[in-house]
Amino acid sequence: MGFDAAYQEYAVAVDAATDEALIEAIQAKQVGALREIYQRYAGLVYTLALRILNNAEEAEDMTQEIFLTLWHQCRYDSSRGSLKRFLVMITRSRSIDRVRSRKSRHRLLQRCRTTVEPPIDNAPLEHATQGEAAQQVRTALLGLPHSEREVLEIAYYEGLSQSEIAHRLSIPLGTVKTRSRQGLKKLRRALDDQISPGR
């Protein structure tokens, strides 16, 4: 049997395989099985992620993340339901977590905005208070590692998306997300400590 005929036979077998058989093949690190599962369910995962995230770029990123997770640490248990149901569940859960994280990041950036950019029509005492708060934010930012501070400053001052920041800095999108997440956690902690020292 020639190579083309053998491959064709393999492709037909994969196409006819059950989800459970393909998951077993994925656990055995057979790339063809992952490709088939992706072809079967990527549209479903992307559509659900897009509905929740309301952002095509983030939905694409979420779709890749879901299938990479399936490849690296597959936790699907067929006794608990179909693979389709499993993928819907983890896509929904992770997409909602992403939305919550986005809202939390937005609230923190708004907090920075109101302290760094005080309105010009406030009374002198309010100016002094806001000036002090702005200094606290600057101090907290300076306390971050350069890589994390750089990502947050570009996002805040230039309004670039994480994908645009990744392109600007020539680093992977995942690195931008990690630096942003870690930087925001440290910034939030530093600001909270300044408001309630010794807590």
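Axes here are lines fitted to C-alpha atoms, for helices over the stretch in contact, and angles between them run from 0 to 180 degrees between N-to-C directions. The structure is a predicted model, in which local features need pLDDT of at least 70 and side-chain atom pairs count only at pLDDT 80 or more, while totals for chains, interfaces and linings use all residues. Residues are numbered from 1 along each chain as its sequence is written, and side-chain values use heavy atoms, with hydrogens and water left out. The protein has nine helices and zero strands, where helices (H or I, at least four residues) and strands (E, at least two) are DSSP runs numbered from the N terminus.

**Overall make-up**

- Read along the sequence, the protein follows the pattern α-α-α-α-α-α-α-α-α.
- Of the 199 residues, 32% count as buried, a class that means under 20% relative accessible area, with exposed meaning over 50% and partly exposed in between (1.4 Å probe, protein chains only).
- Among contacts (heavy atoms within 4.5 Å) between residues at least 6 apart in sequence, 59% join residues at least 24 apart.

**Packing of H2 against H3**

- Helix H2 (residues 19–27) and helix H3 (residues 31–53) pack at an angle of about 135°, and their axes are 8 Å apart.
- The two helices H2 and H3 are therefore oblique to each other, given that angles under 35 degrees count as roughly parallel, over 145 as roughly antiparallel, 65 to 115 as roughly perpendicular and the rest as oblique.
- The crossing of H2 and H3 is left-handed, a term used if the near helix is turned anticlockwise from the far one by less than a right angle, with right-handed used if clockwise.
- On the H2 side, Asp 19, Leu 22, Ala 25 and Ile 26 take part, and they meet Ala 33, Leu 34, Glu 36, Ile 37, Arg 40 and Tyr 41 in H3.
- By class, this contact of H2 with H3 has seven nonpolar, no polar and three charged residues, where Ala, Val, Leu, Ile, Met, Phe, Trp, Tyr, Cys and Pro count as nonpolar, Asp, Glu, Lys and Arg as charged, and the others, Gly among them, as polar.

**Packing of H3 against H4**

- H3 also packs with helix H4 (residues 56–72), at an angle of about 140° and with axes 8 Å apart, and the crossing of H3 and H4 is right-handed.
- By class, the contact of H3 with H4 has 18 nonpolar, two polar and two charged residues.
- The residues of H3 that meet H4 include Tyr 38, Ala 42, Val 45 and Leu 53, and among their counterparts in H4 are Glu 60, Thr 63, Phe 67 and Trp 71.
- Ala 42, placed in helix H3, counts as buried at 11% relative accessibility.
- Leaving aside neighbours within four places in sequence, Ala 42 is in contact with Ile 37, Thr 63 and Phe 67.
- Ala 42 and Glu 60 are 18 residues apart in sequence and, C-alpha to C-alpha, 9.5 Å apart in space.

**Buried polar and charged side chains**

- Ser 95 is found in helix H5 (residues 83–116) and, at 0% relative accessibility, counts as buried.
- The side chain of Ser 95 reaches the backbone oxygen of Thr 91 at 2.8 Å.
- With neighbours within four places in sequence left aside, Ser 95 is in contact with Ala 49, Ile 52, Leu 53 and Met 62.
- Glu 148 is found in helix H7 and counts as buried at 5% relative accessibility.
- The side chain of Glu 148 makes a polar contact with the side chain of Lys 186 at 3.1 Å; such a contact is a pair of N or O atoms within 3.5 Å, where within protein one must be able to donate a hydrogen and the other to accept it, and residues adjacent in sequence count only if both atoms are side-chain atoms.
- Not counting residues up to four places away in sequence, Glu 148 touches Arg 179, Gln 182, Gly 183 and Lys 186.

**Loop residues**

- Most residues other than glycine have a negative phi.
- Asn 54, although not a glycine, has a positive phi of about 55°; Asn 54 lies in the loop between H3 and H4 and counts as exposed at 68% relative accessibility.
- Ser 170, which is not a glycine either, has a positive phi of about 55°; Ser 170 is found in the loop between helix H8 (162–169) and helix H9 (173–195) and counts as exposed at 66% relative accessibility.
- Gly 159 is placed in the loop between helix H7 (146–158) and H8, and counts as exposed at 55% relative accessibility.
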